[in-house]
Amino acid sequence: MIKLAVTAALAAIALPTCISALGLDQAAVAAGLTYFGTATDNPELTDIPYVTQLNNTADFGQITPGNSQKWDATEPSQGTFSFTEGDVIADLAEANGQYLRCHTLVWYNQLPSWVTSGTWTNATLIAAMQNHITTVVSHYKGRCLHWDVVNEALNDDGTYRTNIFYTTIGEAYIPLAFAAAAAADPSAKLFYNDYNLEYGSTKAASARAIVQLVQASGAKIDGVGFQGHFVVGTVPSQASLVSVLQSFTALGVEVAYTEADVRILLPTTATTLAQQSSDFQALVGSCVAVDGCVGFTIWDWTDKYSWVPSTFTGYGAALPWDEDLVKKPAYDGLLVGLGASVSTTTTATTASSTASGVTVTATATATTTTTAAHWGQCGGSGWTGATVCASGYTCTYVNAWYSQCL
Ligand code: XIL
């Protein structure tokens, strides 16, 4: 009887740790990734509840500036540079101890008109591009874990996108850009970044050719960014994603998901939200499964500030938090994909017990959990034993404070 009472008291003390799931970055790091992160943008930083969660390093270990390091923001007129907005985000990440993914140096979009409408020769455009890269990368030297050096150089059919750089310089603009970035900050990892590579189609083959082009030129390329912009229900299977990621790591480069979102035709339904959760789970799960997949970034974290509604008519709800900053099923999908335990239902329970003459009363949350892996904590209903582990696993208390699905 006394032994039972002691057990009950310990379980009551242990309960809060059993029901607190890891945050997304914590789970990502535990699963072997370098980070889980999010994009953000300067106009949102006046929204205090938004910033409070952006600063939550349990979920976000990495930040990407959504716009403020792009060419139109950093060099609006030739030779005149502006880093004020980009610095705000770099400083925020640094203050929080979050990695910074720097984005982006050479892209056909968000270029100032002096670039797109200039009169260029091969030599003058190379010089302007090198000056842009050298100045921007030098400014952020030592602060960028990654730089997206070249963004979206390919059409969906795998041909080179026609842009001012390609038409004036030819494909050589790509290795030239990587060489300039490497010279300005040897410690930043340099990425080629694009969308729709995830299907492993011709476009992915062309992106691998870009990696090999840069490597053959003698310049450095460290990684390929998979943007990860999807319509709900169109995400390939995890196994297929794994094989595409591995086709890149086989070339000796890292991979990362850099801008993930899964847009839904509005209004959402329980079914589409559940599908979105499975889609995010497959995406992040594929990263966990691939050696050399270093991180996973969502393109902002709340639907309140997603680029989707203004870009894809009729679509929205693409992110793991809704417009009221409330977590959606996709948040749990990400956690499961990262191998963490996830609370699925909660009800309040009050219990009291006596151990060694001392009465302990605890109001607890009875929780049903699911888990995709065996390393994390399970449980949640403590002494009632109403714990659910994934098929094949049993929730076991390793000690009074820690349980695992074993
Ligand atoms: C988007 C931003 O989120 C928007 O605010 C902006 O109006 C347009 O660009 N691929 C990229 C990102 O590499 O830089 C884009 O970001 C989204 C698509």
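Gln110 is placed in the loop between E3 and helix H6, the latter spanning residues 113-116. The phi angle of Gln110 is near 50°, which is a positive value in a residue other than glycine.

## Disulfides

How many disulfides does the model hold? The count comes to two disulfides, and one of them joins Cys102 to Cys144, with an S to S distance of 2.1 Å. A disulfide is a covalent bond between the sulfur atoms of two cysteines. For the pair Cys102 and Cys144, the torsion about the S-S bond is about -80°, so this disulfide is left-handed.

Cys102 lies in strand E3 (residues 99-107), whereas Cys144 sits in the loop between helix H7 (122-139) and strand E4 (146-151), so the pair ties together parts of the chain that are 42 residues apart in sequence.

Helix H12 (residues 270-289) packs with helix H14 (residues 329-337) at an angle of about 25°, and their axes are 7 Å apart. Because angles under 35 degrees count as roughly parallel, H12 and H14 are described as roughly parallel to each other, and H12 passes H14 in a right-handed crossing. On the H12 side the contact is made by Leu273, Gln276, Ser277, Phe280, Gln281, Val284, Gly285 and Val288, and on the H14 side by Pro329, Ala330, Gly333, Leu334, Val336 and Gly337. By class, the contact of H12 with H14 has eight nonpolar, six polar and no charged residues.

Helix H11 (residues 238-249) also packs with H12, at an angle of about 45° and with the two axes 8 Å apart; H11 and H12 are therefore oblique to each other. The crossing in which H11 passes H12 is right-handed. H11 contributes Gln238, Leu241, Val242 and Leu245 to this contact, while H12 contributes Gln281, Ala282, Leu283, Gly285, Ser286, Cys287 and Ala289. Sorted by class, the contact of H11 with H12 has seven nonpolar, four polar and no charged residues. Gln281 and Gly285 of H12 are listed in the contact with H14 and are also listed in the contact with H11.

## Packing of H9 with H10

Helix H9 (residues 173-184) and helix H10 (residues 202-217) pack at an angle of about 60°, with their axes 9 Å apart, and these two helices are therefore oblique to each other. The crossing of H9 and H10 is right-handed. Which residues make the contact between H9 and H10? From H9 they are Ile174, Pro175 and Phe178, and from H10 they are Ile210, Leu213, Val214 and Ser217. By class, the contact of H9 with H10 has six nonpolar residues, one polar residue and no charged residues.

## Confidence along the chain

The mean pLDDT of the chain is 87, and 79% of its residues reach 70 or more. Over residues 1-20 the pLDDT is below 50, although this stretch has 38 contacts in the model beyond near neighbours in sequence. Residues 362-366 likewise have pLDDT below 50, and this stretch has 21 contacts in the model beyond near neighbours in sequence. Where pLDDT is low, the predicted coordinates should not be read in detail.

Conventions
Residues numbered from 1 in each chain as written. Predicted model: local features only at pLDDT ≥ 70, side-chain atom pairs only at ≥ 80, totals over all residues. Heavy atoms only, no water. Axes fitted to C-alpha atoms, helices over the stretch in contact; angles between N-to-C directions. Helix = DSSP H or I, 4+ residues; strand = E, 2+ residues; numbered from the N terminus. Parallel < 35°, antiparallel > 145°, perpendicular 65-115°, else oblique. Left-handed = near helix turned anticlockwise from the far one by under 90°. Contact = heavy atoms within 4.5 Å. Nonpolar A, V, L, I, M, F, W, Y, C, P; charged D, E, K, R; others polar. pLDDT = per-residue confidence, 0-100. Disulfide = S-S within 2.5 Å.
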